[in-house]
Amino acid sequence: MSARTTARLRRAPTEHTGWCARDHTCGIDTHRARPVVTARGTGRAVMTRTRAGDVDYAEVLIRIPLHRNENTARTQLALLLRLLGELLDTLTTSHLLPGRTRRPALDRRHSA
Ligand SMILES: [Zn+2]
């Protein structure tokens, strides 16, 4: 336990970013923007741009109501998992990098 505390104290503080909220959600080396919310029906998603150390990422909290029927709920969960995978694939692939364009024919051949 004490070793963990010591490690935490060794983190180098980083400056606030231009987009962080500059409030209690910022830590020594972690900065967070104000959360953005989107909602559909009774579901909602909260996205927060975050910088931890020198890495920027999006934190996403999604609340999705599940059907009372267990089989339907499991189907919803399976679909959610598949869609989250597709979302990660879409947002983390190289075609989003500056200077790159999407080439569907090559993408199809590459994934086959
Ligand atoms: Zn900050």
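Contact here means heavy atoms within 4.5 Å.

## Basis of the model

This is a predicted model, in which local features need pLDDT of at least 70, side-chain atom pairs count only at pLDDT 80 or more, and totals for chains, interfaces and linings use all residues. Residues are numbered from 1 along each chain as its sequence is written, and side-chain values use heavy atoms, with hydrogens and water left out.

## The zinc site

Four residues coordinate the zinc ion at 2.1 to 2.4 Å: His 16 through ND1, Cys 20 through SG, Cys 26 through SG and His 31 through ND1. Donors are N, O and S atoms within 2.8 Å of the metal (3.2 Å for Na, K and Ca); water is not among the atoms, so sites may look incomplete. Along the chain, the donors of the zinc ion have the spacing H-x3-C-x5-C-x4-H. Within this set, Cys 20 in the loop between α1 and β1 and His 31 in strand β1 link distant parts of the chain, 11 residues apart. Helices (H or I, at least four residues) and strands (E, at least two) are DSSP runs, numbered from the N terminus.

The site of the zinc ion is tetrahedral, with angles of 93 to 125° among its 4 donor atoms. Four donors count as tetrahedral if all angles lie between 85 and 135 degrees.

## Surroundings of the ligands

Cys 20 counts as buried because its relative accessibility is 9%, and Cys 26 counts as buried because its value is 14%. Buried means under 20% relative accessible area, exposed over 50%, and partly exposed in between (1.4 Å probe, protein chains only). His 31 is buried as well as Cys 20. His 16, with a relative accessible area of 36%, is therefore partly exposed.

His 16 lies in the loop between α1 and β1. Not counting residues up to four places away in sequence, His 16 touches Arg 22, Cys 26 and His 31. His 16 and His 31 are 15 residues apart in sequence, and their C-alpha atoms are 6.5 Å apart in space. Their side chains make a polar contact at 3.3 Å. Such a contact is a pair of N or O atoms within 3.5 Å; within protein, one must be able to donate a hydrogen and the other to accept it, and residues adjacent in sequence count only if both atoms are side-chain atoms.

## Asp 29

Asp 29 is found in the loop between α1 (2–9) and β1 (30–32). At 14% relative accessibility, this residue counts as buried. The side chain of Asp 29 makes a polar contact with that of Thr 30 at 3.4 Å.

Key
Four donors count as tetrahedral if all angles lie between 85 and 135 degrees; four count as square planar and six as octahedral if opposite donors are over 155 degrees apart and all others between 65 and 115; anything else is irregular.
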